[in-house]
Structures are given as structure tokens and as C-alpha cells.
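Thanks for making the time this morning.

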Amino acid sequence: MAKTQQISTKGMLPKHAQLRAILVDMCTKQLSPGDALPSERQLCADHGVSRVTVREAIGQLVAEGLAVRVHGRGTFVAERAYRSELRLASFHEDMRRLGLEPGTVVLSVGRDTPSPATTAALRLPEGRQTWHVRRLRLANGTPIAVDDAWYDAELLPDLDDVDFTASVYETLATRYGRPVDRAEQTVGAGPASPDIATVLGVPKGTPVMAFDRIAYSDKQPIEHAYTWFRADRYKLHMTLAHS
């Protein structure tokens, strides 16, 4: 481990900000996910700061998803977030491109009355029933997202017979002849609802990224889905250029 660094009392940055920078370097360059950070007492001795300063700096790391506190054991380097390119791909394709093993737990499949937003998104006539599919998505066995998707029941008959642990996009292409070739998607952020937090196995209010997606096969809207990703495990990467 790198030589300990004393905190300056004459610099422009507050002590907790200086210590945070040291700990960020420790989490990202010196230690691996799952490794323990030095104890509060050790950090105080190494860097000449108070317990209050140490706790404030560590609290910032935890809030940023770089570290996790385990009651009675200490503070540990958090697992790295998966960085996904913003592109049209199924969850399975996306995870495999990242070198991860995708997994799915089917929570429910059945006919349901869609919301007005889904009715409009899928361009359904009033009163049309839909398939409602809820799934928990895993990456290397770790819960990463909850997927809540809707499909036109008349357009896709017997959809409840398919294997929803596999790629739905692949099923739409091979079984129904309706490959997904484009999608419109908006992304927001907020705290996980009690229901979403329970399924993901995280505390209520944990930050999540919320995706609202309409997928199309040619000009036909084929899927309306809401997906909530754990913000501490999933990041988006975009390449921007002048038009």
C-alpha cells in the first residue's frame, strides 16, 4: 500500500475532502472490491485527523457507491459498477458484452389491464388486454435490475408459454417473426420504492436509474417496459459528437 499521507491544515480543501481524495485513490487503485479499508482509528493515526473527519469522508464514499459499511465488521471497497454502452440490445446481450453472466428470475407472467401510458405506447384500442411480465435481472448472480414489461396479448398469442429466463427479444424474432430493430427510451433517477428495493435486496430509498422504453419491430410498437437498475452497480457510457 502507498505511503500514508498527512492531511494539510493550510490547504484550501477541508480535511474531510482531502481524506476523501486519499480514500478514493485507495478504493480505485490500491485495493480490490471486497477488501477492507483501514479502521477509523487507523485512519485517524495515519492521517492526523479526528474521528468526525474520518466518518464524514467515509460517509461520502458510501454515498457515492465506492464503499460499503458492514455493521460490526467495518468498511469495505464496493463492487465495481458495470458500465454499459447506450445501445439497442437485450439485457442478455448487454451483460455478455460486458463479460458477465446474465440471469433472470421470473416474478410473474399473466394477462392484465394496461395503464393509460402503456395503452398509448403500444397503440392499443380501448379495452385490449396485455401480457404483463415482471422479472428480476442478475449479473454474475447479483440482483441488478427489475424489469416490468407489457406486450399486446392479441399480437403475441400464447406469450405466457415462452421461456422468460431467456432473451425476450430473441423470442420475439424467432417465434413471432418480429425482431426488435429500434427503441425510444428515457432515463431518470430517484430512490427505490419499497417494492423495488425489496426485490433488489437493497434498503428502501437506494438510488436507482429508471428506464422507460418503447421497443419497435419495424413500425409496430412491440414492448413497453419500465426497468429500474441499481445505480451502484450499473452505469451508462455515451460517446458524444458534433452533429
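Asn 140 is found in the loop between strand 5 and strand 6, the latter being residues 142–152, where helices (H or I, at least four residues) and strands (E, at least two) are DSSP runs numbered from the N terminus. The phi angle of Asn 140 is near 50 degrees, a positive value in a residue other than glycine. Because its relative accessibility is 47%, Asn 140 counts as partly exposed; on this scale buried means under 20% relative accessible area, exposed means over 50%, and partly exposed is in between, with a 1.4 Å probe and protein chains only. Asp 158, in the loop between strand 6 and helix 6 (168–174), also has a positive phi, near 60 degrees, and with a relative accessible area of 43% it is partly exposed.

Residues are numbered from 1 along each chain as its sequence is written, and side-chain values use heavy atoms, with hydrogens and water left out.

How confident is the predictor in the protein chain? The average pLDDT, which is the predictor's confidence in each residue from 0 to 100, is 84, and 82% of the residues score at least 70. Confidence is highest in helix 5 (residues 116–121), at a mean of 96, and lowest in strand 3 (residues 82–85), at 51. Where pLDDT is low, the predicted coordinates should not be read in detail.

Let me turn to strand 5, residues 130–139, which contains Thr 130. Thr 130 has 0% relative accessibility and therefore counts as buried. Setting aside neighbours within four places in sequence, its contacts (heavy atoms within 4.5 Å) include Arg 111, Asp 112, Trp 150 and Tyr 151. Arg 111 also places its charged end over the ring of Trp 131, 4.8 Å from the ring centre; for this, NZ of Lys or CZ of Arg must be within 6 Å of the ring centre and within 35 degrees of the ring normal. Likewise, Arg 182 lies over the face of Tyr 216, at 3.9 Å from the ring centre.

Which residues have the most contacts inside the largest nonpolar core? They are Tyr 151, Leu 156, Leu 159 and Leu 172, in a core of 17 residues, a core being a set of buried Ala, Val, Leu, Ile, Met, Phe, Trp, Tyr and Cys residues joined through side-chain atoms within 4.5 Å. Strand 5, strand 6, helix 6 and strand 9 each give two or more residues to this core, and helix 6 supplies the largest share, three residues. Apart from this core lies another, of 16 residues, among them Leu 23, Cys 44, Val 49 and Ala 67.

Finally, the aromatic rings: a search of the whole structure finds two pairs, where rings of Phe, Tyr and Trp (its six-membered ring) pair if their centres lie within 6.5 Å, and planes under 30 degrees apart count as stacked, over 60 as edge-to-face and the rest as tilted. Phe 211 and Phe 229 are edge-to-face, 5.2 Å centre to centre with 70 degrees between the planes. Because Phe 211 lies in strand 8 (residues 207–217) and Phe 229 in strand 9 (residues 220–230), this pair ties together parts that are 18 residues apart in sequence. Both Phe 211 and Phe 229 are buried. The rings of Tyr 226 and Trp 228 have centres 6.3 Å apart and planes at 25 degrees, so that pair is stacked.

Key: This is a predicted model: local features need pLDDT of at least 70, side-chain atom pairs count only at pLDDT 80 or more; totals for chains, interfaces and linings use all residues.
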